[in-house]
Amino acid sequence: MDLEVEAYLRPPEMDMPPYPPKVITLATGGKMVVRQATREDVPTILQAVKPTIEIERDFYDIVGVRVYAELLGWYRHRMRDMFCLIGQIDGYLVGQVNTRAYSEKLDISLHTLAIERGLRIGAHLFAAKMEYSFEYLGREEVLITAESPIGFRRWMIEYELELREGQHELGGAAPYALTRELYYKHKDRLVAGERPVPDKLMEVAEREIKVVSEQDIVEKILGAKRRIKR
Amino acid sequence: MRPVFVAGAGMIPFERQDENTLGDILAGAGLAALDDVDLGKHEVGAVYLGNMASGLFNHQVSVASALVDRLALIPAAAERIENGPASGGSAVKNGVLAVASGYYDVVLVVGGEKMRDVIGPKATDIVAAMTHPHAEYIYGLTLPAMAGMFTRLYMEKYGVTREHLAMVAIKNQENGITNPYAHIQMKITMEGILEHPQSHINSPIIADPLHLYDCCPVSDGGAAVVLVSEEIAKTLKKPMVQIAGFGQATDTHTLAEREDPTELKAVRLAAVQAFSRAGLKPKDIDVAELHDAFTILEIAESEQAGFFKMGEGAKAVERGDTRIGGKLPINPSGGLKARGHPVGATGVAQIVDLVWQLRGEAGENQVEGAKNGFSLNFGGFGNNVLAFVLRRIS
């Protein structure tokens, strides 16, 4: 690698205070640890993203390829000022969210990808990244768009987002904004989690990001049933 | 009137069926029931299809005519029966009458709905079209809203608590885990949906005091039964399951016109008729499938149908009487809460689940030694209700 050229190609990086991990109690009673992923975690996370890129249902394919590109770009220093939060249950990766800073006042929400479905994993993780943008990074606004109708319902409707002029950087889709005011209006209803994470749970989460098999990921996303032969 | 038997029973999984059309769902259910029985030389004389709103959900009408063609049952008579969420029950009733009268020897009854072609709020609006257009709908009343008000009154009158409602949800979702046809196969806990300080985020309010996990999912799915005369039933190899009695009763369209909105008069009357025609009493029933579109309904219907005294239904849930292995297992299939509620399919699916129970074919959800079963299909908000008593003939 020509380090001199590489230095030109790498985008500059903004300092960001870390996201303090938290634990969310799910409807199953299960505990999901939400924590910040590092660049070194990306290859493992990509293992879970890869099987999604051929799933048409709910636009997982488009979200999957975009998340793959974003994480890879971040890992190889071609994506500017991105952060990624992950959700883990018993160490297993159940979802990821990522956002990119546009300025010290504005974040651009990129994607929410849930591997485990039916437990509001995506909704909890999306809320966590908004929490990071507003409460820890001090942003005034986050620009958001959605590829799927589920995303539209979860973000645009549930958070009463404001439609903005212009284009979101995700393919020029319509941008909606979550303002600081809207975030705090909906926080009690939508943002869950407790801190600090008990040591035992944190230790399991940090020890290893476990990823279920590709087939399991596809089945979980497609809602495949436990088919018991009678 | 001749005795009527269920010769074949079948279902396709209730879930979000993006890849299948309504026609695929109805045909799949019909074939599942027809595959369950060897009719020999006997032919299906008529097809009754329970479907609530194909015109609104799928922009498709005359679906029964399309179904007989798809199933190669032409020239069988065919029609769609619409009675709101009790469309399936009404279709079964019409099938029973057709065989009982002696006019047909073999009838196929299919119930099905594809609701997920539209987004959730639209589905809620379509279902709300069954409310009174001038006295209810124009004020924004939906079925969850009606159920919420009903629940509040029931809680005040009978001391039902949110814990009782959550117990019903937890029980039925637990039953759904081992039902291969259930839409929801996920265990939930009291901590996760009620006790934890942040459980309101997992289970947000839908219509106070009902929360998300108090409500059934919006599902696609279909179920079917083949009804035959006794003469034919005797020639078949499967255990004989008779539709021993049915009842149907109506109540006022608007809830506000009811003397006591907590009294589900049509449920009571339909159940009394069904038991009377079957010559059985509530205490004779071994397993029941009730219409738990909302958790409160399982409790209220269990009382109004005569299984428990008024105000005792919640206590029965608390004691575990309604669990599989309890004194009267209710909704061992998972009920509408977990199996799902594709509205037109539900009344037929309840019969299918009871047939499997009485034949001993319900797998891990089997109620041991079940001989007599009861189902209740609740139309509107209790303004058109059907009850069935099924009996296994030794």
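The questions below concern the chain interface and the aromatic rings.

Modeller: This is a predicted model, in which local features need pLDDT of at least 70 and side-chain atom pairs count only at pLDDT 80 or more, while totals for chains, interfaces and linings use all residues. Residues are numbered from 1 along each chain as its sequence is written, chains are lettered from A and ligands numbered from 1 in the order in which they are written, and side-chain values use heavy atoms, without hydrogens and water.

Colleague: Which residue of chain A forms a salt bridge with E191(B)?

Modeller: A salt bridge requires a side-chain nitrogen of Lys or Arg within 4 Å of a carboxyl oxygen of Asp or Glu. The rule finds 3 salt bridges across the interface of chain A and chain B. For E191(B), the closest N and O atoms are 3.0 Å apart, and the partner is K31(A).

Colleague: Is the ring pair of F126(A) and Y159(A) stacked, tilted or edge-to-face?

Modeller: Rings of Phe, Tyr and Trp (its six-membered ring) pair if their centres lie within 6.5 Å; planes under 30 degrees apart count as stacked, over 60 as edge-to-face and the rest as tilted. The centres of F126(A) and Y159(A) are 5.4 Å apart with planes at 65°, so the pair is edge-to-face.

Colleague: Is Y136(A) buried, partly exposed or exposed?

Modeller: Buried means under 20% relative accessible area, exposed over 50%, and partly exposed in between (1.4 Å probe, protein chains only). Y132(A), at 0%, counts as buried. Y136(A) has a relative accessible area of 29%, and is therefore partly exposed.
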